[in-house]
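Subject: Structure handover

Hello,

Please find the structure below. My notes on it follow.

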Amino acid sequence: MIISNRERTKKYREQEEWCICNGMNINSGMMVECENKNCPIKWFHFECVGLLAAPLDEWYCTDCNPFH
């Protein structure tokens, strides 16, 4: 799932920790969700994980990537 940072903030405020920057990157506009349902972070800024565009397939963070 891909959402804007603004939309993410509204929908998922109950989650305290998100992204590897722990929410410090307030300038990043888009976020991607890790497909691992047990990912402790779940949401990542495109910029923080090196994405320039939305992934075409499922996306896993580096900690959850089955091929990592």
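This is a predicted model: local features need pLDDT of at least 70, side-chain atom pairs count only at pLDDT 80 or more; totals for chains, interfaces and linings use all residues.

Where does UniProt place the feature "binding site" (unreviewed entry)? One such annotation in the UniProt record is at Cys 19, Cys 21, His 45 and Cys 48. UniProt positions are given in the numbering used here, feature names are shortened, and annotations may be inferred rather than shown by experiment. The residues of this set span 30 residues in sequence, yet no two of their C-alpha atoms are more than 8.5 Å apart, so they gather at one spot.

Residues are numbered from 1 along each chain as its sequence is written, and side-chain values use heavy atoms, with hydrogens and water left out.

Overall layout

The protein has 1 helix and 3 strands, where helices (H or I, at least four residues) and strands (E, at least two) are DSSP runs numbered from the N terminus. Read from the N terminus, the order of the elements is β-α-β-β. Of the 68 residues in the protein, 35% are buried; buried means under 20% relative accessible area, exposed over 50%, and partly exposed in between (1.4 Å probe, protein chains only). The accessible surface comes to about 4800 Å², and carbon and sulfur atoms account for 52% of that. Accessible areas come from the Shrake-Rupley method with a 1.4 Å probe; for residues, only the protein chains shown count as cover. Among contacts (heavy atoms within 4.5 Å) between residues at least 6 apart in sequence, 49% join residues at least 24 apart.

The set with His 45

Cys 19 sits in the loop between helix H1 (5–11) and S2. With a relative accessibility of 1%, Cys 19 counts as buried. Setting aside residues up to four places away in sequence, Cys 19 touches Ile 41, Trp 43, Phe 44, His 45 and Cys 48. Cys 48 is in the segment after S3 and is partly exposed, at 23% relative accessible area. On the same terms of sequence separation, the contacts of Cys 48 are Cys 19, Ile 20, Cys 21 and Asn 25.

Not counting residues up to four places away in sequence, Cys 34 touches Cys 39, Lys 42, Phe 44, Trp 59, Tyr 60, Cys 61 and Cys 64. Under that same exclusion, Cys 39 touches Cys 34, Phe 44, Cys 61 and Cys 64.

Lys 42 is in the loop between S2 and S3. Its phi is near 75°, a positive value in a residue other than glycine. Lys 42 is buried, at 12% relative accessible area.

Disulfides

How many disulfides does the structure hold? There are 0, a disulfide being a pair of cysteine sulfur atoms within 2.5 Å. For Cys 19, the closest cysteine sulfur is in Cys 48, 3.6 Å away and too far for a bond. For Cys 34, the closest is in Cys 61, at 3.9 Å, again too far for a bond.

Aromatic rings

The structure holds 1 aromatic pair. Phe 44 and Trp 59 form this pair, which is edge-to-face, with 5.4 Å centre to centre and 65° between the planes. Rings of Phe, Tyr and Trp (its six-membered ring) pair if their centres lie within 6.5 Å; planes under 30 degrees apart count as stacked, over 60 as edge-to-face and the rest as tilted. The pair links distant parts of the chain, with Phe 44 in strand S3 and Trp 59 in the segment after S3, 15 residues apart. Phe 44 and Trp 59 are both buried.

Regards
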